[in-house]
Amino acid sequence: MIRDLPSNYIAGTAFTVTISINLGSDVDVYIVKERFPIGWGISGISDSGDLTASGEIRWIFDNNLAKTVSYMVTPTASGTQTFTGDYGYQNTLGQQTLAQAIGGDLLINQLTAPAQPSALTAASLAKTQARLNWQDNSD
């Protein structure tokens, strides 16, 4: 099970998170629990996943078909943020495996805008004008 995040995010701009699932033919039923940064907006949960009151997304499947689930997230915080999650399953013999970590991407960094050039001040404009005048008079 592998999570895929974009390289960076911009606060307020939604992006898609995907989780690729391929557990094997001996899996009978499984549950996926995904946790995202606190306070971020969640929408567009695929494959009948549920957003729980505890702030995680849960998917429950009763087959072993490979699939990709996804959801949209709108970031509100800044800096580097962490996604976590786990899954558990029962195989066709009734044996359970619990709390295996979802692999793949865990961290996402905020994309910051490049530094804006400083505004020209009246003093710097006066200095520039004085230099231009001096160059014109030196001919």
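1. The protein exposes about 8600 Å², of which carbon and sulfur atoms supply 52%; accessible areas here come from the Shrake-Rupley method with a 1.4 Å probe, and for residues only the protein chains shown count as cover. This is a predicted model, in which local features need pLDDT of at least 70 and side-chain atom pairs count only at pLDDT 80 or more, while totals for chains, interfaces and linings use all residues. Residues are numbered from 1 along each chain as its sequence is written, and side-chain values use heavy atoms, with hydrogens and water left out.

2. The secondary structure comes to one helix and 13 strands, where helices (H or I, at least four residues) and strands (E, at least two) are DSSP runs numbered from the N terminus. Along the sequence the pattern is β-β-β-β-β-β-β-β-β-β-β-β-β-α.

3. Of the 139 residues, 27% count as buried, a term that means under 20% relative accessible area, with exposed meaning over 50% and partly exposed lying in between (1.4 Å probe, protein chains only). Among contacts (heavy atoms within 4.5 Å) with a separation of 6 or more, 70% are accounted for by residues 24 or more positions apart.

4. Leaving aside neighbours within four places in sequence, Ile21 is in contact with Met1, Tyr30, Val32, Phe61, Ala66, Lys67 and Val69.

5. Strand 7 pairs with strand 4 in the antiparallel sense over six bridges, pairing being assigned if DSSP finds at least two bridges between two strands; within strand 7, Ile57 stands opposite Glu34. Strand 7 also runs antiparallel to strand 6 (residues 50-51), to which two bridges join it, and Arg58 of strand 7 is the bridge partner of Asp50. The hairpin of strand 6 and strand 7 has four residues between the strands, and Gly55 takes a positive phi near 85° there.

6. Gly44 is found in the loop between strand 5 (41-43) and strand 6, and counts as exposed because its relative accessibility is 53%. Beyond its neighbours within four places in sequence, Gly44 is in contact with Ser70, Tyr71 and Met72. The C-alpha atoms of Gly44 and Ser70 are separated by 7.7 Å, although the two residues are 26 apart along the chain.
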